[in-house]
Amino acid sequence: MRTVWMLSRLVFGAVFVYAGALKMGDAAGFAANIFNYQLLPAKMVYGAAIILPAVEVVCGLALMANTLARGASVVLSALMLTFIGAMGWAMARGLDVDCGCFGGTQAVGRETLIRDAVILVVGLVAMWGAFAQTRRYEG
C-alpha cells in the first residue's frame, strides 16, 4: 500500500505542477478561460489567474516532496473538486468554454469531467496516504 500511496502522491503532485506551470506561462489566456466560466466578477479574474497556478505549483511540489503532504493533498483535492464543479456548472448552463486545465483549447465536456474525476481519485488516494502516514508516526 505504501507504494500505491507514494505513486499517487507523485502523480497527483506532478499533474498540478505541470498544469500550474502551463497556466503561469499564459496568465492572460488562463484569465480568459476563468472569465468565460462566468463564475467570478471580472475584477477577481486576473487575481485568480495569478494565484491559482501558484497554489497548484507550490502544493504540487510539496506533495511530491512529501513536505506538508496532508495540507497539500487537501488543497489540491479541493481545487480539483472546484474545477469539476466549474465544468459541471458550465455544461449545465450550456456554455461553450475551454477548460483551461492544461493550456491549449480543450472544450469542457464529458471527457474533461471524466479525466478530472480520475485525477481526483488519484488525489484522494494521495490524501488518504498522507493522513495514514501521519497516524503511523504519531501512534
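Where in the structure is Asp116 found? Asp116 sits in helix H5, which covers residues 110–138. Helices here are DSSP runs of H or I with at least four residues, while strands are E runs of at least two, and the numbering starts from the N terminus.

Some ground rules come before the tour. This is a predicted model, so residues are numbered from 1 along each chain as its sequence is written, local features need pLDDT of at least 70, side-chain atom pairs count only at pLDDT 80 or more, and totals for chains, interfaces and linings use all residues. Side-chain values use heavy atoms, with hydrogens and water left out.

Asp116 is buried, with a relative accessible area of 2%. Buried means under 20% relative accessible area, exposed means over 50%, and partly exposed is in between (1.4 Å probe, protein chains only). Leaving aside residues up to four places away in sequence, Asp116 touches Met80, Phe83, Ile84, Met87 and Cys101. A contact here means heavy atoms within 4.5 Å.

Asp116 also forms a salt bridge with Arg115, and their closest N and O atoms are 3.1 Å apart. A salt bridge is a side-chain nitrogen of Lys or Arg within 4 Å of a carboxyl oxygen of Asp or Glu. Side chains of opposite charge can pair when their charged atoms come close. Arg115 is partly exposed, at a relative accessible area of 22%.

**The other salt bridge**

The count comes to two salt bridges. Lys23 and Glu56 make up a pair too, with their side chains meeting at 2.8 Å, N to O. Lys23 lies in helix H1 and Glu56 in helix H3, so this pair ties together parts that are 33 residues apart in sequence. Lys23 counts as buried at 6% relative accessibility, and Glu56 counts as buried at 0%.

H1 has 24 residues and reaches 34 Å from its first C-alpha to its last, close to the 34 Å expected at 1.5 Å a residue. That expected span is 1.5 Å times one less than the number of residues in the helix. Quite a list of H1 residues is buried, including Trp5, Arg9, Phe12, Phe16 and Lys23.

Val11 also lies in H1, but this residue counts as partly exposed, at 45% relative accessibility. Val11 and Gly60 are 49 residues apart in sequence, yet they are 9.3 Å apart in space, C-alpha to C-alpha.

What forms the nonpolar patch on the surface? Met6, Leu7, Leu10, Leu61 and Met64 do, with about 400 Å² of accessible area together. Helix H1 (2–25) and helix H3 (42–64) are the elements that give two or more residues to the patch, and the largest share, three residues, comes from H1. Patches use residues with over 30% relative accessible area and no salt bridge; like charges are joined within 9 Å, and nonpolar side chains (Val, Leu, Ile, Met, Phe, Trp, Tyr) within 5 Å. The areas come from the Shrake-Rupley method with a 1.4 Å probe, and for residues only the protein chains shown count as cover. Met64, placed in H3, is partly exposed with a relative accessible area of 30%.

**Helix H2**

Helix H2 runs over residues 27–37, and its buried residues are Gly29, Phe30, Ala31, Asn33, Ile34 and Tyr37. Their cover includes H1, H3 and helix H4 (69–92). Asn33 has a relative accessible area of 12%, and this residue touches Asp98 and Gly100, not counting residues up to four places away in sequence.

Most residues other than glycine have a negative phi.

| Residue | Phi |
|---|---|
| Gln38 | about 60 degrees |
| Asn66 | near 60 degrees |

Gln38 is found in the loop between H2 and H3, just after H2, and counts as partly exposed at 45% relative accessibility. Asn66 lies in the loop between H3 and H4, and counts as partly exposed at 29% relative accessibility.

**Cysteines**

How many disulfides does a search of the whole structure find? It finds zero, a disulfide being a pair of cysteine sulfur atoms within 2.5 Å. For Cys59, the nearest cysteine sulfur is that of Cys101, 17 Å away. Cys59 counts as buried at 14% relative accessibility, and Cys99 is buried with a relative accessible area of 8%.
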